[in-house]
Amino acid sequence: MVVNRGLPVYRSTTVNASSVKENHENIKLASKTWDDIPGPSSLPFIGQLIHYLPGGSFYGPQSEVMEKLMKQYGPIVKIVTFGAPTVVTLFDADAIELVLRNENWMPDRPGFDSLEYYRKYYNKTKEQSTELTGLLTDHGENWRLFRSKVNSAMLQPKTIKLYTSTIDKVALDMVERIKSIRDDSDVMTRKFDMEMNLWALESIGVVALGTRLNCFDPNLAENSPERQLIRCVHDFFITSNELDFKPNLWKYFATRKFKKAMKLYEKQESLTNYFVQRAIKEMKSNSIHSSEKKGVLEKLMDIDEKIAVIMACDMLFAGVDTTANTMIATLYLLAVNNEKQNILRDEIRSNQERRPYLKACIKEGMRMMPITSGNMRRTTKEYNLLGYQIPKGSFIAFMHQILCLRENQFPRPKEFIPERWTAEKSDPLYYGNAHSFAYIPFGFGARSCIGRRIAELEVETLLARIIENFHVEWTGPPPQVKSNALNYITGPFHFKFKDV
């Protein structure tokens, strides 16, 4: 145990079989049943829905609701809502660690059920429904097979380094775009979240589709494939949030929103396939690369063309809004912490190869304003969690966002302190004093984010270029955050970008 300012914080152990054995031994020690798990009162059919409607005791922004639930009911809460499975919500890092370590080998992570239905059953034959469908929608053995096929293409550092120059060119183009769409007061004249989405799509398109999409082109036609893809990616999370993360009847009958979603997913798949086929033609016309110089798309094509298309779709789904909102959050926190911004600028201007403070600023931004409130698993075995017996097949949600803002995990949690990520172990602020399962923005174990290296390269590159060229200011009240499938930072955006 590590004592941090008088508050006990437990460090996790390394992955080994003992945690699995410990769980089996503890199951029989659970003194309370599933029905005993605390939570708001529930009614037949509609569950706890009344509490989350306007006027209800838990109506409001998701982050505030979760904080209220934890304060009222403790570290484990049962949420029962109409049209959705019952979810056990955990606010305890030790319990989170127990589940994640025991579910590490072939984890079942629910989430995008409507997309899973589209890929497995919509206009599919019985044989097609058993085929591999991707990292977002496969589970168990199918997920393991798909992941094993794409790991070599997605995780090798030398492969990601091939994109350094092109990603930097995208960042420089974004800097020029910021300069061109400022007014005389250095204020952005367009919606900043959309601008960041354009940058993120342009960046991930380089990797997923092997080409520049020209998202910054002012003459790009509205009906062009590029513009259509931009809209599809943007609409994906809005549509998925309505179907998969809110009460909905589409699993019982084909609702209007469900039909709309199927057409959207179909269009996005068709557009992605269009760009992949275009990239294939370009590859064939260019000189053949050695294996070491092949990019992600080329390596995926060597595996299987269908897998290349699916993986490209998943990268676009997962790599635009996530990266864009991470960028907005970090820029905002630097804009309202001028001293930290100046330290970062000095590091960037030093031209040193390693940039620890740059990485620290991004980590601190993801801690304070994470892209998601947490993670989820569908359990493949029984558990004893905090004295309650949890049956196999349960949905467990991990509230990392709440844990990251707790004083007993990160001292002075609501302050932007990048130094906690570079501090010595003797420093009370040292990030390692926190439980290692409190902050895991890219997930854990076998199901950790396969696009982490790409996302880090994109954000680090653009952030460095922006701070190098601009002094960023924020002139209004704090931004609003709307929690859907992701935590979206919404306008108005009060950024100023002054030349330095």
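Predicted model: local features only at pLDDT ≥ 70, side-chain atom pairs only at ≥ 80, totals over all residues.
**Entry 1**

I began with the second largest pocket. Its space comes to about 1,300 Å³. I then listed its lining and found 41 residues. Nearest the centre of this pocket lie Lys 359, Lys 363, Arg 452, Glu 456 and Glu 460.

Which elements give two or more residues to this lining? They are α7 (157-161), α8 (164-180), α16 (356-368) and α18 (452-469). Helix α18 gives the most, with nine residues.

I also sorted the lining of the second largest pocket by residue type. I got 18 nonpolar, nine polar and 14 charged residues.

Next I looked up a record. UniProt, in an unreviewed entry, lists Cys 449 under "binding site". I located Cys 449 in the loop between α17 (400-404) and α18.

The cut-off for buried is under 20%.

Gly 451 and Ile 160 are 291 residues apart along the chain. Their C-alpha atoms are separated by 9.9 Å.

**Entry 1: the nonpolar cores**

In soluble globular proteins, nonpolar side chains tend to be buried together. I looked for such groups here. The largest nonpolar core has 115 residues. Which residues have the most contacts inside it? They are Trp 199, Ile 466 and Phe 495.

I followed up Trp 199 and left aside its neighbours within four places in sequence. Its contacts are Val 170, Met 174, Phe 216, Thr 323, Ala 324, Met 327, Glu 458, Val 459 and Leu 462.

There is also a second, separate core, with 21 residues. Among them are Ala 95, Ile 96, Ile 396 and Phe 398.

**Entry 2: the cavities**

I searched the whole structure for cavities of 30 Å³ or more and found three. The largest cavity holds about 50 Å³ of space. It is lined by Asn 197, Leu 198, Leu 201, Ile 230, Val 233, His 234, Val 320 and Asp 321. Two or more of the lining residues come from each of α9 (192-208) and α10 (225-244). By type, the lining of the largest cavity has five nonpolar residues, two polar and one charged.

I looked up Glu 226 in helix α10. Glu 226 counts as buried because its relative accessible area is 9%. What does Glu 226 touch, not counting residues up to four places away in sequence? Glu 226 touches Leu 213, Leu 220, Phe 275 and Arg 278. Thr 272 is 46 residues from Glu 226 along the chain, and their C-alpha atoms are separated by 9.8 Å.

Then I turned to Arg 119, which is found in helix α5. Arg 119 is buried, with a relative accessible area of 9%. Leaving aside neighbours within four places in sequence, I noted contacts with Lys 124, Thr 133, Gly 134, Thr 137, Ile 310, Cys 313, Asp 314 and Phe 317. Glu 266 is 147 residues from Arg 119 along the chain, with 9.2 Å between the two C-alpha atoms.

**Entry 3: backbone checks**

Most residues other than glycine have a negative phi, and most peptide bonds are trans. I looked for exceptions.

Asn 123 has a positive phi, near 55 degrees. Asn 123 sits in the loop between α5 (113-120) and α6 (140-155). With 62% relative accessibility, Asn 123 counts as exposed.

Leu 386 also has a positive phi, near 55 degrees. Its place is the loop between β6 (383-385) and β7 (388-390). Leu 386 is partly exposed, at 36% relative accessible area.

Which residues does a cis peptide bond join? The bond joins Gly 491 and Pro 492, with omega about 5 degrees. Pro 492 lies in the loop between β11 (487-490) and β12 (495-499).

Conventions: Residues numbered from 1 in each chain as written. Heavy atoms only, no water. 1 Å grid on protein atoms, 1.4 Å probe; cavity = no way out; pocket = protein on both sides within 12 Å on 5 of 7 lines; lining within 4 Å. Points joined across faces, edges and corners; volume = space filled by probe spheres on them. Helix = DSSP H or I, 4+ residues; strand = E, 2+ residues; numbered from the N terminus. Nonpolar A, V, L, I, M, F, W, Y, C, P; charged D, E, K, R; others polar. Core = buried A, V, L, I, M, F, W, Y, C linked by side-chain atoms within 4.5 Å. Buried < 20%, exposed > 50% of the residue type's maximum accessible area, 1.4 Å probe, protein only. Contact = heavy atoms within 4.5 Å. UniProt positions renumbered as here; feature names shortened; annotations may be inferred.
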